[in-house]
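Student: Could we go through this model together, one question at a time? I would like to see how each answer is reached.

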Amino acid sequence: MSSNGEDAPGVDEVVPTGAIGTFEGAQEMDDRSDTSATELLRQQGAVLRLAEGVSVDPGAFNTEFTADDTMILNLGPQHPSTHGVLRLMMELDGETVLRTKPIVGYLHTGMEKTGEELTYIQGPTNVTRMDYLAPLFNECVFSMATEQLLEIEVPPRATWIRMLMCELNRVSSHLLFMATNGLDVAALSMMLYAWRERETILSFMEKVTGLRMNHNFIRPGGVAADLPDGWRDDVIAICDLIPPRLDTYDELLTGQPVFLQRTEGVGTLSGEEAIALGATGPILRSSGVTWDLRRDMPYQYYDQLEFDVVVGKYGDAFDRYAVRLNEMRESVRIIRQIVELMPAGDYRLQDKKVTPPPRARIDQSMEALIHHFKIFTEGFKVPEGEVYVAIESPRGELGCYMVSNGSAKPYRLHIRDPSFVNIQSLPPMMRGGLIADAVAIISSVDPVMGGVDR
Amino acid sequence: MSEAPSEPMGTAGSEPGPDLVHGALVSWSRGQQVLHATRESYLDVMSGLRDDGYDMCVDLCAVDYLAHPARSLPDGVTAERFEVVVDLLSLQQRKRVRVRVQVPESDPRVVSLFGLYPGTEAMEREAFDLMGVRFDGHPDLSRILMPEDWEGHPLRKDYSVGRVPVQFKAARSTR
């Protein structure tokens, strides 16, 4: 972990030493002999790299190893248990993990840069591909930021539809976590079951939005379409189906000694550490910190709903599994309430400058045709300003920092993806554990590399 | 849609309360509190805020204002090309605050927040990688998303967007 060229002045001082091919040296973990003692302590003890704050007893960590005693093992980026293209470099003493360094960027496609080239109406198509397991949340946070810059309020029904779809998305995302987490700790049948249930939700999403993933359904000004006929029956069928199946999973995994041994006490993270590292979502809650944006900083209409914030105690892989399992139950509870409370009305704002006119109007009205044409070619202009909006995605705080210069495209679009920040908690979780636990720990953090790399 | 219910909603200038927090000018953007710290006072402002109970740094990013220099800033803040934007969160008070620091093009560097908020490690690396702002005191300021041998910082406004090759060479791609 050399600070490459830190002393050189100017801007462009990152001069790769062996600039032939793809030099990636400085991103990798350095050999023990090339790493300073303080940095070793940071990486081993703190890792957390706590300069101050949570204190670490240096005596608890053996820094007397030489480079010959240890081995640096490279895991990924092509590895089935890394959930995409996460690469980890781990220094091992036998089977014990001494240091870990996550290396990311293998899926970077410059979506923040692309976002600056797309109009606000095209934006959701782009952001929905970031965290591809929670696409509706990405669209939602983008739309909310745009609306806050425009200082408009969307109709209540649009917001309720957004909440309904997002909560269903949360269940499907957590179901995928259950599937992959089971797979990673060799509970193979879990993979099949959770995938089966997730399919019912994706089918409903397809019915509503036309697509199973990357929906582009939530847009500035409302949602793309109203819910289809019979949506209520479909949602209630899902709500009736999921909880008994969750009980089955509970029995299948929580009651299984092998699963418990693989997860209990593995990869612990204290609440203090989680806060210092900026970890949010199930990781923060599993360490005993009661923090859920839906309850603590309510947005949309979450303050009208009754639900519990599920909190763990030990911050280990099992708690993270249990938090997510019970969050699905809470989400089903929320969905049932949303079905009850869903109001009638418009599903998008009837503002010709922001949302396209209904298709039928285009045949009758010249003005409607012009508005339609203008919105899809030029887009709508957003007043100058900057805003940060955050919502609770399945993985934690999903934020959108948006700067507008008054044109029809965002001047700067920054998405604070929870996976990107959460991945920093891997090194302290791994420290001192066994290499076999690493797989269970990665899985319990549930990173989505599409969101990490953007 | 309000970010923090405890904060008053409104537009710039209409809020009561002090105009300075830890020596930083205060402005309001769509009902959100924004502090404008200078590069010199940046670390003091941040540690002051941390002592105030802002215990989590949720976001840190950089913005390149090359193409939009005439943005609205409170009096007394000199606009520079780059801005480092930090979002803090207080779990106890359920409040957010945003800190914006002007960073000149000639010397794009600020102090790292790593000592205060270790969670900024990856975010500062990202800001360095994509925007080329350096963070003094960062333990490992290497590129994080782009390959190590990449030239330039892609999110800068003078860094062009890649072009998609089109079948008909005469037709100019919009990107």
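Student: How many of the 11 residues of helix 17 of chain A are buried?
Tutor: In this predicted model, helix 17 of chain A spans residues 435-445 and is mostly covered. Among its buried residues are A:Asp437, A:Ala438 and A:Val445.

Student: Is A:Leu175 buried or exposed?
Tutor: A:Leu175 lies in helix 5 of chain A, residues 156-184, and beyond its neighbours within four places in sequence it is in contact with A:Ala194, A:Glu197 and A:Arg198. A residue counts as buried if 20 or more other C-beta atoms lie within 10 Å of its own. Because A:Leu175 has 28 other C-beta atoms within 10 Å, it is buried.

Student: Which strands stand at the edges of the sheet in chain B?
Tutor: The sheet is open, with mixed pairing, and its six strands have the order 1-2-3-6-5-4. Each edge strand has a single partner strand, so one side of each is left without a neighbour in the sheet, and these are strand 1 (20-21) and strand 4 (56-64) of chain B.

Student: Which strand of chain B makes about 5° with the direction of helix 2 of chain B?
Tutor: Helix 2 of chain B, residues 120-131, packs on the sheet and touches strand 4 and strand 5 of chain B. The strand whose direction makes that angle with the helix is strand 4 of chain B.

Technical notes: Residues are numbered from 1 along each chain as its sequence is written. Chains are lettered from A and ligands numbered from 1 in the order in which they are written. This is a predicted model: local features need pLDDT of at least 70, side-chain atom pairs count only at pLDDT 80 or more; totals for chains, interfaces and linings use all residues. A residue is buried if 20 or more other C-beta atoms lie within 10 Å of its own, exposed if 12 or fewer, and partly exposed in between; C-beta atoms are placed from the backbone. Helices (H or I, at least four residues) and strands (E, at least two) are DSSP runs, numbered from the N terminus. Two strands pair if DSSP finds at least two bridges between them. Two residues are in contact if their C-beta atoms, placed from the backbone, lie within 7 Å. Axes are lines fitted to C-alpha atoms, for helices over the stretch in contact, and angles run from 0 to 180 degrees between N-to-C directions.
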